[in-house]
Every structure is written in structure tokens, then in C-alpha cells.
Amino acid sequence: MNTLPVIYGYARVSKADDDSKNLETQLRILAEHGIRDHLVFTDVASGRSLQRPGWQALVEVLQPGDTVAVAFLDRFSRNFEEGVKIQADLTRQEIGIVAVRENIDTREGSAAAKFFRRSMLAQGAYQVDSASERIKLGLERAKAEGRRVGRPPALSAEQLEQCRRMDAEGAGLRQIARVLGCSPATVKKALALISGASGGGAS
């Protein structure tokens with residue numbers, strides 16, 4: 001049965017945020033924008049990881065045609081690459097994005113809104129393609145050097161990209177494995193291939 005589109009709110013605060021973006025401020029901005037309290041999901045967590053209870057609960061209920069509203073665009077993620085990926089994923093699923101303070105509304109029929117949607121889709125596609133390309137280059141480099149690397153790790157291109165980012169941020173093998181839902185050995189193999197693609201050696 002088809003249901004009417006729903007406008008959900010999302011608010012996140014972490015220790016790194018200043019008072020101008022505290023939770024109360026975000027909730028007030030969302031309320032002023034007409035978002036009902038019971039439709040707002042919140043997190044007190046860093047924007048580095050998507051494993052946030054409020055965000056995961058929101059993702060579970062989202063349907064094509066719905067909208068996610070935030071008071072500030074960086075509430076999706078403080079990491080630019082991750083933020084772009086999240087917005088591209090939502091756009092790809094036909095979920096609208098509203099960032100109140102930045103005056104962004106992808107539901108509008110304006111040229112600016114259409115450009116934003118196209119940009120998000122293109123950025124998301126780039127993230128996935130670049131991860132796949134790094135793995136391909138890593139395999140080719142290993143073959144040229146006479147190294148045996150076996151089969152590529154059983155991770156999607158998006159997981160490989162997340163693996164690379166978490167490693168760059170200093171996360172350990174076990175932590176990355178927990179987030180991706182795989183074994184530390186799989187993470188180590190993925191990082192070795194990514195490292196090979198960039199010209200370095202596996203650690």
C-alpha cells in the first residue's frame with residue numbers, strides 16, 4: 001500500500017561542535033521548519049562513523065519520496081567525502097534533502113535544486129568508481145611485480161572506500177572489520193590491495 005511522503009528530521013551533536021550547533025538549537029530550527037518532534041531522529045556521536053543509533057533507525061524507515069531535513073548540512077557527516085556519499089545515496093534512492101541554514105532543498109523544481117541532485121549523484125558514482133579502480137590497479141601492479149594476491153576481498157566498492165577512509169583516520173583492523181561486518185583478515189587484504197594501487201606496500 002502506497003503511503004504519503006514523510007519529512008523526517010535528523011540532528012547530531014558531538015564533543016567537537018560549538019554551542020551554535022548544540023542539539024537544542026538544531027531541534028528548534030527543525031521545529032520552526034515544521035518538522036514534528038516524533039519524526040526527528042537524534043544522535044550524540046561523532047560524524048566519522050555511520051554506525052550511529054539514530055541515523056541507523058532513520059535509514060530503516062526511509063522510503064522513496066520521503067525527505068530528510070537537517071538544520072546544518074554537516075550534520076550528515078563532518079567528513080566531506082562521507083557527507084557527499086550520504087547525500088548521493090539519499091538522492092539515488094529518491095529521498096529529498098533539506099539543509100535549513102544552507103537553504104538547500106532538493107525537492108524544489110528549480111535549476112539549482114536539479115544541479116545539486118545531479119552533483120550528488122555524480123559524486124557518489126565517483127566514490128564507488130574510484131574505489132573499484134584502485135582495486136583493479138592494485139591487482140595489475142601485483143601481477144606485474146610477480147606477487148600473488150589471490151582473489152579480491154569480498155567487499156563492495158563502497159565498503160572498500162569506507163575501509164580506505166577509516167584506515168586513513170587511524171582505525172585499527174578490528175574496528176574497521178566490526179563496522180564493515182567482515183573479518184580483520186579481509187580488511188588487511190583490502191588495505192594491501194589499496195596500498196598497492198597507490199604505490200605503497202601493505203602494512
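Predicted model: local features only at pLDDT ≥ 70, side-chain atom pairs only at ≥ 80, totals over all residues.
Tyr8 stands opposite Val68 in β3. Residues are numbered from 1 along each chain as its sequence is written, and side-chain values use heavy atoms, with hydrogens and water left out.

**Exercise 1. Work out the order of the strands in the open sheet.**

*Solution.* Helices (H or I, at least four residues) and strands (E, at least two) are DSSP runs, numbered from the N terminus. Two strands pair if DSSP finds at least two bridges between them.

- Step 1: start with β1 and β3, which run parallel and are joined by four bridges.
- Step 2: move on to β4, which runs parallel to β3 and is joined to β3 by four bridges; here Val98 is the bridge partner of Ala69.
- Step 3: turn to β2, which pairs with β1 in the parallel sense over five bridges. Gly9 stands opposite Val40 in this strand.
- Step 4: The edge strands, β2 (40-44) and β5 (104-105), each pair on one side only.

**Exercise 2. Find which helices pack on this sheet, and which face of α2 is buried.**

*Solution.* Contact means heavy atoms within 4.5 Å. Axes are lines fitted to C-alpha atoms, for helices over the stretch in contact, and angles run from 0 to 180 degrees between N-to-C directions.

- Step 1: α1 (residues 23-32) touches β1, β2 and β3, and its direction makes about 165° with that of β1.
- Step 2: α2 lies across β1, β2 and β3, running at about 155° to β2.
- Step 3: Gly54, Trp55 and Leu58 are the buried ones.
- Step 4: seen down the axis of α2, these buried residues fall within an arc of 95°, so they line one face of the helix. The arc is that of the directions from the helix axis to the C-beta atoms. Pro53 and Glu60, on the other side, are exposed.

**Exercise 3. Describe how Tyr10 and Trp55 are placed.**

*Solution.* Rings of Phe, Tyr and Trp (its six-membered ring) pair if their centres lie within 6.5 Å; planes under 30 degrees apart count as stacked, over 60 as edge-to-face and the rest as tilted.

- Step 1: the structure holds three aromatic pairs. In one of them, the ring centres of Tyr10 and Trp55 are 5.1 Å apart and the planes are at 75°, so the pair is edge-to-face.
- Step 2: Tyr10 lies in strand β1 and Trp55 in helix α2, so the pair ties together parts that are 45 residues apart in sequence.

Notes:
Buried < 20%, exposed > 50% of the residue type's maximum accessible area, 1.4 Å probe, protein only.
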